[in-house]
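Welcome! Take a moment to look over the sequence and turn the model around before reading on.

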Amino acid sequence: MAQANSQFMQEAIALSIKSVKSGQGGPFGAVIVKDGEIIAKAHNQVTSTNDPTAHAEIMAIRQACQVLQTFQLNGCELYTSCEPCPMCLGAIYWARLDRVYYANTKADAADIDFDDQFIYQELDLPIGERQLPMVQMMRQEALSAFQLWSQTVDKTEY
Ligand SMILES: [Zn+2]
């Protein structure tokens, strides 16, 4: 496992500043490193691309996967200027990154009104108690895709 490299975090922080100065998004930047080299770098682009999922970490993961032509980032490490939000944390697990280095904390983010705490709280609640209404329907119909997946031998598992 590589050691934490302050140059990589410096780059993530530079991207977070670039994001603000360019007016393209929130103050967040991230880079992905493999074998001691940056293979992807991104900053938040939520407001400039009208994409609420365009967080720095998500953008960097998409780039790294394109560069490596893979959907799993084993052997890669993420440097992000701020502790990941629940969405990005989920994406980080799905992408199977080896490790995350972060600079600002989620409390620092909350101080400037990027409050992930609400989402973390919602995740802890039973579905029926969340602020977001979620209604289950048509399970039998939907299960047909799951059965098809189970029965399919020639598939790309992940
Ligand atoms: Zn995020």
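This is a predicted model: local features need pLDDT of at least 70, side-chain atom pairs count only at pLDDT 80 or more; totals for chains, interfaces and linings use all residues.

## Helices and strands

Helices (H or I, at least four residues) and strands (E, at least two) are DSSP runs, numbered from the N terminus.

## The zinc site

Let us start with the metal. Three protein donors hold the zinc ion: H55 through ND1, C85 through SG and C88 through SG. Along the chain, the donors follow the spacing H-x29-C-x2-C.

In soluble globular proteins, nonpolar side chains tend to be buried together. Here, the largest nonpolar core has 24 residues, and I32, I61, L73, L78 and L97 touch the most other members. The elements that give two or more residues to this core are β1 (29–34), β2 (37–43), α3 (56–68), β3 (76–82) and α4 (86–95). Helix α3 supplies the largest share, seven residues.

To see this packing up close, find I61. Not counting residues up to four places away in sequence, I61 touches I32, L73, A91, I92, A95 and L97. There is also a second, separate core of eight residues, with F8, L15, Y79 and Y101 among them.

## A buried threonine

Now move to T80, in strand β3. Is T80 buried or exposed? Its relative accessible area is 1%, so T80 is buried.

Which residues is T80 in contact with, leaving aside its neighbours within four places in sequence? The list is M9, A12, G29, A30, E57, V100, Y101, Y102 and A103. One of these, Y101, also belongs to the second core.

## Two loop residues with positive phi

Q69 has a phi near 50°, a positive value in a residue other than glycine. It sits in the loop between α3 and β3. At 63% relative accessibility, Q69 is over the 50% cut-off, so Q69 counts as exposed.

R96 is not a glycine either, yet its phi is positive, at about 60°. The relative accessibility of R96 is 32%, so this residue counts as partly exposed.

Technical notes:
Residues are numbered from 1 along each chain as its sequence is written. Side-chain values use heavy atoms; hydrogens and water are left out. Donors are N, O and S atoms within 2.8 Å of the metal (3.2 Å for Na, K and Ca); water is not among the atoms, so sites may look incomplete. A nonpolar core is a set of buried Ala, Val, Leu, Ile, Met, Phe, Trp, Tyr and Cys residues joined through side-chain atoms within 4.5 Å. Buried means under 20% relative accessible area, exposed over 50%, partly exposed in between (1.4 Å probe, protein chains only). Contact means heavy atoms within 4.5 Å.
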